[in-house]
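Take a look at the model below.

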Amino acid sequence: MVDRAENSQMQRTFVPPIYNVTICGGTHGNELTGVYIVREMQKQKMEKAGSVSVTTVETNPRAVAAGRRYTEMDLNRCFTDVLLSSPITESTPYEVKRAQELNAQLGPKGSAKAVDLLIDLHNTTSNMGLCFIFYSIDWITLHIYKYIENNLNSVPVRAIQLDIPSSEAYSLESVGKHGFAIEVGPQPSGVLRADIFNVVKEALDLTLQWLQKFSSGHSFEGGTVDAYTFVKSVDYPRDSAGKATAIIHQDLQDNDFKLLRSGDPIFQTFSGDILKYEGEDLYPFFVNECAYYEKKIAFHLAQKKTYSFPHISVKND
Amino acid sequence: MSNGSSNNNNNTARFDAARRVAIFGGTHGNEMSGVTLVNLWMQNSAEIQRKGLEIKPFLTNPKAVEKCVRYVDTDLNRAFTQENLSATGGDELPYEVQRAQEINRMFGPKGSAEAYDVIFDLHNTTSNMGCTLILESSKDAFNLQMMNYIKKAFAPASCLVLLNEHPLLKYSTSRSVAKHPVGMEVGPQPQGVLRSNIFEAMRVILKHALDFISLFNEGMEFPPCTVEVFRVLERMDYPRDANGNIIAMVHPNLQDCDWEPLNPGDPMFQTFDGKSIHYQGSSTVYPTFINEAAYYEKQQAFVTTRRETLAASAIRKA
């Protein structure tokens, strides 16, 4: 590897190998891209990408069969340390049991036996393009993200970071040593769009390409990533009975990641009044995500932060 | 209300005034525009009131609405068959069959003189259909005149008419208990989501519909007119394997292209490994209900239609 003078200021980091990657779909049973990507990969017997072994898992088959997000509880909220270690009784929801099964199969979370990289595929009804969602600032994740951002041109590509410690991290990808979710929208639940399928397939092909290059000793240049870091969520205005009294305003609808400023319209009440945003300049995302009505979320708000990451190459023992 | 004393273009068809009108929402519990509008109007009906007209907003499938699902046991909008409506079994019957019988009692009986004059049934679709009015009979001059009125009032925005008179593909809708059933389908909107543009569009076309009825009841004569409709021809399913699993998706060139011509040889489906499957029909058709979420289980990727111009005689209150 050539030591390039202009990059000598950037630290070069050696990172342990990625021997295996697990691609998951159907964590929410009505988010169809992941379901069909996983099925197609299984049909094509996609088990290896160079020296990296590839596993695929349909994580919530009951929800997939029912065409629902979940049967009793949102599977993608079941991976906190507390829920993963809770005792199983007759009244334990299916998804809590399933999460523990998946943790045994792909984890245990936090241990040396966990899969090296876990990628969980999701869709959203929000106009978010393709997003990487991750908890920690991890060089592997950022490099793969950058590689996709540089090579995928058909949709906007963005990074979302959730600043939550691992023990409280509630979603499936926290089980792997490295992990991220690929969230793509807009796609209605229960619908399979070919354009979205093709984009996710392309993103996974690029990911496997990167992993092969990394495994074979390729050195990747460092750089920076602008990531959206979750700040807070905003609920719909509600009446005394708890019913929503407004809809997302048309200026906000479909404008995920467009900077929201004080005075910008965010809701329109059924009687025609416009409600405006008040607060610091922030970026909305998951605007009008169907599954979030019951979680009392109209949209999330994020700050944009720039993270730098170093040159990396694989550490050879 | 009579069916009209004449279907001859030269004569004016007479109909009794439409006094009893219902607006159905929540026939599919996760199609949110109708659910929301009906809930609003049940609380405050000022917006939909018209002189001399009884207008009843009604949630047809409250259990499905509560769970935010299309249906609980069976699709309510397929449940109004004669067999279901006369079935015995009470509580043992599927929930939606019980509901169908209840709705038939309240707003029908279907086919009788006591039935409601008009029922508007509010629906959403994940397909890119825009505003669509659904017509069940090409011979209903009253409905044709209403749809002509709505289209003109809504212009330049587009409101198209889908005619489903196909003997095999036609189905027994909740609105079919009325003398004049009118389906209102607005998309694209994901299930369980409420979009303001879709909500407003539905509100506006319904307003025009009620205006029409009002004008008609006041004695206005509507001269003969022609209405362009899209007549349902054929249901096209996804290609499937021996186990019934789909093996291809609606092709990106067809996705979102409701109402645009599909010519023989045009791409129609794309397999998961990237191959195109082409339309093999002998002539150009106009597809709609392209990639509607609820139709995967009904073996329908889209329906084909052909364009037709229907003539409606003049109409006037009897």
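How much area is buried between domain 1 of chain A and domain 2 of chain A? About 1100 Å², and carbon and sulfur atoms give 52% of that area. Keep in mind that this is a predicted model.

## Two domains in chain A

Chain A is divided into two domains. Domain 1 takes in residues 2–227 and 308–314. Domain 2 runs over residues 233–300. Taken over C-alpha atoms, the centres of domain 1 of chain A and domain 2 of chain A are 28 Å apart.

The two domains of chain A touch. On the domain 1 side, 14 residues are in contact, and they meet 13 residues of domain 2 of chain A. Polar contacts link 9 residue pairs between these domains, counting pairs with both residues at pLDDT 80 or more. Two strands of chain A, S6 (129–134) and S7 (157–161), each supply at least two residues of the domain 1 side that touches domain 2. By class, that side of domain 1 of chain A has 5 nonpolar, 4 polar and 5 charged residues.

Which residues form the salt bridge between the side chains here? They are Asp74(A) and Lys295(A), with 3.0 Å from N to O. Across the interface of domain 1 of chain A and domain 2 of chain A, 1 salt bridge is found.

## What the record says

UniProt holds an unreviewed entry for each chain here. In chain A, the annotation "domain: AstE/AspA barrel-sandwich hybrid" covers residues 224–304. In chain B, the annotation with that name is listed for residues 226–306.

What does the backbone do in these stretches? Residues 224–304 of chain A are 0% helix and 38% strand. The end C-alpha atoms of that stretch are 12 Å apart. Residues 226–306 of chain B are 0% helix and 37% strand. There the end C-alpha atoms lie 16 Å apart.

## Where the chains meet

Now turn to the interface of chain B and chain A. Here 29 residues of chain B are in contact with 30 residues of chain A. The buried area is about 2400 Å², with 56% from carbon and sulfur atoms.

How many salt bridges cross the interface of chain B and chain A? There are 2. In a salt bridge between the chains, the side chain of Arg193(A) meets that of Asp256(B), at 2.8 Å from N to O. The interface of chain B and chain A also has 9 residue pairs in polar contact, both residues being at pLDDT 80 or more.

Helix H1 (32–43), helix H6 (196–217) and strand S9 (248–250) of chain B each supply at least two residues. H6(B) gives the most, with 4 residues. The side of chain B that touches chain A has 13 nonpolar, 10 polar and 6 charged residues.

Most peptide bonds are trans, and most residues other than glycine have a negative phi. Some spots in this model depart from that pattern.

Gly107(A) and Pro108(A) are joined by a cis peptide bond, with omega about 0 degrees. Pro108(A) sits in the loop between helix H4 (94–106) and strand S5 (117–123) of chain A. In chain B, the peptide bond from Ala155(B) to Pro156(B) is cis, with omega near 10 degrees. Pro156(B) lies in the loop between helix H5 (141–154) and strand S6 (159–163) of chain B.

Phe286(A) is not a glycine, yet its phi is positive, about 50 degrees. Phe286(A) is in the loop between strand S13 (283–285) and strand S14 (299–309) of chain A.

Conventions. Residues numbered from 1 in each chain as written. Chains lettered and ligands numbered in written order. Predicted model: local features only at pLDDT ≥ 70, side-chain atom pairs only at ≥ 80, totals over all residues. Heavy atoms only, no water. UniProt positions renumbered as here; feature names shortened; annotations may be inferred. Domains from an automatic or database assignment. Contact = heavy atoms within 4.5 Å. Buried area = accessible area lost by both parts, 1.4 Å probe. Salt bridge = Lys/Arg side-chain N within 4 Å of Asp/Glu carboxyl O. Polar contact = N/O pair within 3.5 Å; in protein donor to acceptor, adjacent residues only side chain to side chain. Nonpolar A, V, L, I, M, F, W, Y, C, P; charged D, E, K, R; others polar.
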